[in-house]
Amino acid sequence: MHKSPHPRPAQPAPDQRPLSALQAKRLSNLTGIAAKELAGTHVAELGSRFRWQIDPLFLLFERICGRVVKTDPHTGVDSPVPFATVHVYDVDCSFFGYFPRDWPWSWFFPLHCEREELATVTTDACGHFCVWVPRFDIDWIRRWRRERICFPDIFRRPTIGDIVAQTIPPLKVDPNPPDPPYLPADGGMAFRRLSEVLGKPQAEQVLRASANRTVGGDAKAYRALARTTAFRALPPPLPAHIEERLRTEGPQALARHLSLDTAKATRFDPARYAGPFQRCVDVFVPEWLPVLDVPDIAFKVTQNVGGVDQTIYDDGYFDIDWESGDLSNVTLHARPNAVATFSCDAPAVDCSQQGILFAGLMPLTVEVPDPVTALPTPKYHNALTGFAVRPNRPLDAVSGSRTLPSYAPYTGTVQLYGC
């Protein structure tokens with residue numbers, strides 16, 4: 001059952017939120033103003049207080065938009081997750097980066113994260129959300145990455161377009177191709193290779209897109225597909241001897257084996273990883289590499305199910321491709337415990353009443369007189385029999401008109417809304 005979100009305290013306007021310690025440190029790095037002078041001050045005040053000291057562009061805001069979805073593991077179809085709470089965090093995280101030899105991807109193991117909540121927002125009936133983030137936060141993330149060799153690349157998740165290009169080299173498909181790929185008539189070999197890497201549901205999506213490869217054909221569907229993240233979670237290929245030493249000797253064994261800092265190695269957990277991500281191929285990359293204090297925007301999503309707030313998405317490292325310039329295409333794939341919807345047409349629920357108020361778009365609590373007994377009866381639903389009253393009403397044998405009540409059973413998926 002989808003539950004309308006609990007009333008939350010009104011959020012202050014984006015420019016009225018006081019700067020956190022982490023934000024003050026970032027703006028200090030960009031302006032040279034001491035962080036202690038900036039912390040606790042809201043953006044609207046900074047423009048007058050530090051006029052001619054802070055670039056006015058830093059005091060603007062950018063909107064980051066996205067969608068929370070739940071993916072069917074059998075079909076690959078994404079269904080929207082409505083009325084979920086998206087928590088947006090400023091984070092500085094330290095990782096162990098794992099760059100296995102002969103692999104085109106890398107993985108990161110989080111060791112320590114400093115995080116501060118920027119804002120919360122509720123997804124709409126279609127799972128969409130938008131949040132405003134200070135421009136200086138985004139500028140610092142981009143600048144920090146550009147100042148480090150390959151960091152703009154290794155924090156980017158591979159897309160379906162990347163995999164198509166890597167899996168079928170003769171196609172020479174650009175990562176953001178203007179047209180659907182052509183799968184050669186090779187007896188299905190190209191499709192099987194894609195299925196092995198992407199999985200059958202996503203490979204079938206590529207196959208359907210390639211069928212539209214005609215002059216004047218619509219390429220929008222494939223362009224959107226090519227930008228989709230190819231893997232939401234793929235376990236890293238940890239060497240057997242590393243896993244064995246971790247089991248028998250603990251994380252300290254990893255520190256000794258790789259000459260890493262012991263204090264950081266103790267936080268290493270092979271079951272907690274982010275990835276895969278693209279890896280650099282034209283510079284030297286050690287197999288294991290500490291990556292410290294990486295600035296980013298991260299997400300956590302909760303949803304009220306059965307009266308309890310449950311976490312349906314967490315550890316969303318590097319969900320935003322900062323180098324793409326498009327911050328309106330963030331897709332957060334919720335866990336199996338999320339409640340998704342199959343229709344975005346949600347009714348307006350008045351939470352002055354408690355309980356299940358709508359089945360689909362039909363109200364359950366509006367009463368009308370029963371035409372036979374003249375007693376009040378629900379307009380759509382009979383709580384005693386459990387039947388729907390209005391659909392498939394029987395025909396009167398004499399007049400041929402529809403009569404009330406009906407005794408129509410519910411079937412298929414019935415979306416329930418309430419408070």
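Reader: How much space lies in the second largest pocket?
Author: About 360 Å³. A pocket here is an open set of points on a 1 Å grid over the protein atoms alone, where a 1.4 Å probe fits, with protein on both sides within 12 Å along at least five of seven lines; lining residues have an atom within 4 Å of a point. Points join across faces, edges and corners, and the volume is the space filled by probe spheres set on them.
Reader: And the ground rules?
Author: The model is predicted: local features need pLDDT of at least 70, side-chain atom pairs count only at pLDDT 80 or more, and totals for chains, interfaces and linings use all residues. Numbering runs from 1 along each chain as its sequence is written, and side-chain values use heavy atoms, without hydrogens and water.
Reader: Which strand gives the largest share of the lining?
Author: Strand 5, with six residues. Strands are DSSP runs of E, at least two residues; helices are runs of H or I, at least four; both are numbered from the N terminus.
Reader: Switching topic. Where does Thr 31 lie?
Author: In helix 1, residues 21-31. Its side chain reaches the backbone oxygen of Leu 27 at 2.8 Å.
Reader: What is Thr 31 in contact with, leaving aside neighbours within four places in sequence?
Author: Leu 38, Gln 53, Ile 54 and Phe 58. Contact means heavy atoms within 4.5 Å.
Reader: What about phi at Trp 52?
Author: Positive, about 70°, although Trp 52 is not a glycine. Trp 52 sits in the loop between helix 3 (43-49) and strand 2 (61-71).

Methods
A polar contact is a pair of N or O atoms within 3.5 Å; within protein, one must be able to donate a hydrogen and the other to accept it, and residues adjacent in sequence count only if both atoms are side-chain atoms.
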